[in-house]
Amino acid sequence: MNFLAHIYLSGISDERMMIGNFIGDKVKGKQIEEYPADIRRGLLIHREIDSYTDTHEVTSRIKRRFQNVAGHYSGVVTDIVYDYCLAKTWEKWYNKRTLSRFSIDFYMILIKNWYCIPSEMHQFVIQFISTRRLTNYAHESGVESTLKKMHNSKESFPDISREVRKIVHEDYSEILKDFEVFFPQIKEHIREYKKKLYKTIV
């Protein structure tokens, strides 16, 4: 799962959990103990989402579609493709706010909680907002541009943006079928996991 799905699965009404989930990749190991309980719950949810996603049979199936062009980065590509599928079918999963409205609301949450975001992420967050990253996931061009940004920011990440876009375009119907099997399952899993967190982290 990439940013959109992580934020969505945090729970629409819990801002600080959303923030914890958003910064999850930057907070390693015992660094989690430096954060208050509400942020810490979001960090733990981030880790649980990653663990559940990475070991799911649907993820393995989708990854194989990108193996030839992405190699060991096929998991990263699959995370982005999951966000593309979620954005494309947003109203099926959440009909109280449009994706555009949801995105704007989250950008405001980022600004409101700026002091909770690791300083090394600040420049990224500015770009994240200014490029309308969340709504761009709803387009093939958004998948391509996200991968292009990853290539530009990390030399070891290959420029596979066009090849991935081509596969997404050609295989979308089959990928979507897999996503629609997987997403309700992870929603239920994280819903139950959150119940446990609220009991253990207060």
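1. A residue is called buried when its relative accessible area is under 20%. By that cut-off, 49% of the 202 residues in the protein chain of this predicted model are buried.

2. Secondary structure is helical: the protein chain has eleven helices and zero strands. Read from the N terminus, the order of elements is α-α-α-α-α-α-α-α-α-α-α. The radius of gyration is 16 Å, close to the 17 Å given by the globule rule for 202 residues, so the protein chain is as compact as a globular protein of that length.

3. On overall dimensions, a box of roughly 45 × 35 × 35 Å, taken along the principal axes, is filled by the C-alpha atoms of the protein chain. Its accessible surface comes to about 10,300 Å², and carbon and sulfur atoms contribute 50% of that area.

4. On contacts, consider those in the protein chain with a separation of 6 or more: 69% of them are between residues 24 or more positions apart.

5. On charge, the protein chain carries 32 positive and 27 negative side chains. The centres of these two sets lie 3 Å apart.

6. A disulfide is a covalent bond between the sulfur atoms of two cysteines. How many disulfides does the structure hold? The count is zero, where a pair of cysteine sulfur atoms would have to lie within 2.5 Å to be included.

Key:
Residues numbered from 1 in each chain as written. Predicted model: local features only at pLDDT ≥ 70, side-chain atom pairs only at ≥ 80, totals over all residues. Heavy atoms only, no water. Helix = DSSP H or I, 4+ residues; strand = E, 2+ residues; numbered from the N terminus. Rg over C-alpha atoms; globule rule 2.2 N^0.38 Å. Buried < 20%, exposed > 50% of the residue type's maximum accessible area, 1.4 Å probe, protein only. Contact = heavy atoms within 4.5 Å. Areas by Shrake-Rupley, 256 points an atom, 1.4 Å probe, with all protein chains shown as cover. Lys, Arg positive; Asp, Glu negative; His and termini not counted. Charge placed at Lys NZ, Arg CZ, Asp CG, Glu CD.
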